[in-house]
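Please keep the sequence and the 3D view at hand while reading.

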Amino acid sequence: MKNILDQTLAPLNSDHNQINCHGILYTATLSIPAALFVVYLGFHLKKNIKKLTNRRSHVMIAYYVLLWFSAIFNLVWCSLQVWQCTAGKEVSWNLLSLLTESGTLCLEISLVAFLLQENYASGLETLGHTFMISGLIVGADILLKAIIVFGFHVPLFMDAETTHSGKWAMWILDELLLTCTYGYILFVHNTKWRDKLPPRLAFYNYAVIMSVIHAVALFACALAASGIGFGLWLYSLVGICYHTMYLPFLYITFLADFFQEEDLLLDNAYYSEMRDAGFFDSDWE
């Protein structure tokens, strides 16, 4: 009788474990901010497309499309955390994780390359010169991770797998490279070669925040690789911050001014026309 009851309840318990694999609160914490950012992009979509069309900036169009790609895949990734522990979804989850990371990593590497290049006179338009190189770097990175995941069966994107040495070795290498890169940017900013960096405080703040995030992630990976539970908790916290805040932070730092610039120019044009028409003559009397 007990065996029959266990067999009857087994599927129910399995479904319950799948639904609560990562916890509803964890999934909601990831999904809600990601969804709000997609809604924000959608709310301004018509206006931004009009500005992109008028400005005819192929570079900004490409980055805006990539931002949408990253935001949508990030939302899907955040919403489907249950796939990590759903039987038969391992391949789908790994593919989704690779696509999601490819978008955000391409944006991040491109902007890092922009900060490191010496010729920044043309502002955001110079991002186009780094787009192809960053695409090759990201492509090689994603190909390597695909080989590791599907060829060597390393559970790179499975949070439940916490003891696999290959998983943490890969993430330590990733975080180490990014931490060193942002650290180099901060080092150059405080030397006599600081003129080689774009003269905008927002770009420097971006480098500071990203260097801190990747340094903490590197520390968390090192702790997790050593079997320390706090490292797993810290790595999970950094992951939540990255997936919920990075894309909005990137948009505010690098893209928001582009979409607002035309409005400012238009306001200045209206002011000039009204001034020439004598609307403000009374202010001088």
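The protein chain has a mean pLDDT of 80, and 78% of its residues reach 70 or more; pLDDT is the predictor's confidence in each residue, from 0 to 100. This is a predicted model, in which local features need pLDDT of at least 70 and side-chain atom pairs count only at pLDDT 80 or more, while totals for chains, interfaces and linings use all residues. Residues are numbered from 1 along each chain as its sequence is written, and side-chain values use heavy atoms, with hydrogens and water left out.

**Confidence along the chain**

- Where pLDDT is low, the predicted coordinates should not be read in detail.

**Overall build**

- The protein chain has nine helices and zero strands, and from the N terminus on its elements run α-α-α-α-α-α-α-α-α.
- Helices (H or I, at least four residues) and strands (E, at least two) are DSSP runs, numbered from the N terminus.
- Of the 285 residues in the protein chain, 39% are buried; buried means under 20% relative accessible area, exposed over 50%, and partly exposed in between (1.4 Å probe, protein chains only).
- Among contacts in the protein chain with a separation of 6 or more, 74% are between residues 24 or more positions apart.
- The accessible surface of the protein chain is about 16200 Å², and carbon and sulfur atoms account for 69% of it; accessible areas come from the Shrake-Rupley method with a 1.4 Å probe, and for residues only the protein chains shown count as cover.

**Largest pocket**

- The largest pocket has a volume of about 690 Å³.
- A pocket is found on a 1 Å grid over the protein atoms alone, as an open set of points with protein on both sides within 12 Å along at least five of seven lines; lining residues have an atom within 4 Å of a point.
- Grid points are joined across faces, edges and corners, and a volume is the space filled by probe spheres set on the points.
- The largest pocket is lined by 31 residues, and Trp77, Trp171, Tyr235, Gly239 and His243 lie nearest its centre.
- Two or more residues of this lining come from each of helix H5 (90-116), helix H7 (165-189), helix H8 (201-225) and H9, and H9 gives the most, with eight residues.
- The lining of the largest pocket has 15 nonpolar, nine polar and seven charged residues.
- Ala, Val, Leu, Ile, Met, Phe, Trp, Tyr, Cys and Pro count as nonpolar, Asp, Glu, Lys and Arg as charged, and the others, Gly among them, as polar.

**Second largest pocket**

- The second largest pocket has a volume of about 310 Å³.
- Its lining has 14 residues, of which Ile109, Ile137, Asp141, Leu177 and Leu178 lie nearest the centre.
- H5, H6 and H7 each supply at least two residues of this lining, and the largest share, six residues, comes from H7.
- Eleven nonpolar, one polar and two charged residues make up the lining of the second largest pocket.

**Cavity**

- A search of the whole structure finds one cavity of 30 Å³ or more; a cavity is a set of grid points where a 1.4 Å probe fits but cannot get out.
- The largest cavity is lined by Pro33, Ala34, Phe37, Asn74, His243, Thr244, Leu247 and Pro248.
- Helix H2 (24-43) and helix H9 (229-276) each supply at least two residues of this lining, with the largest share, four residues, coming from H9.
- His243 is listed in the lining of the largest cavity and lies among the residues nearest the centre of the largest pocket.

**Ile148 and His153**

- Ile148 is in helix H6 (residues 127-151) and counts as buried because its relative accessibility is 15%.
- Not counting residues up to four places away in sequence, Ile148 touches His153, Val154 and Met170.
- The C-alpha atoms of Ile148 and Lys167 are separated by 9.0 Å, with the two residues 19 apart along the chain.
- His153 is in the loop between H6 and H7 and counts as exposed because its relative accessible area is 62%.
- His153 is not a glycine, yet has a positive phi of about 55°.
- Most residues other than glycine have a negative phi.

Note on methods. Contact = heavy atoms within 4.5 Å.
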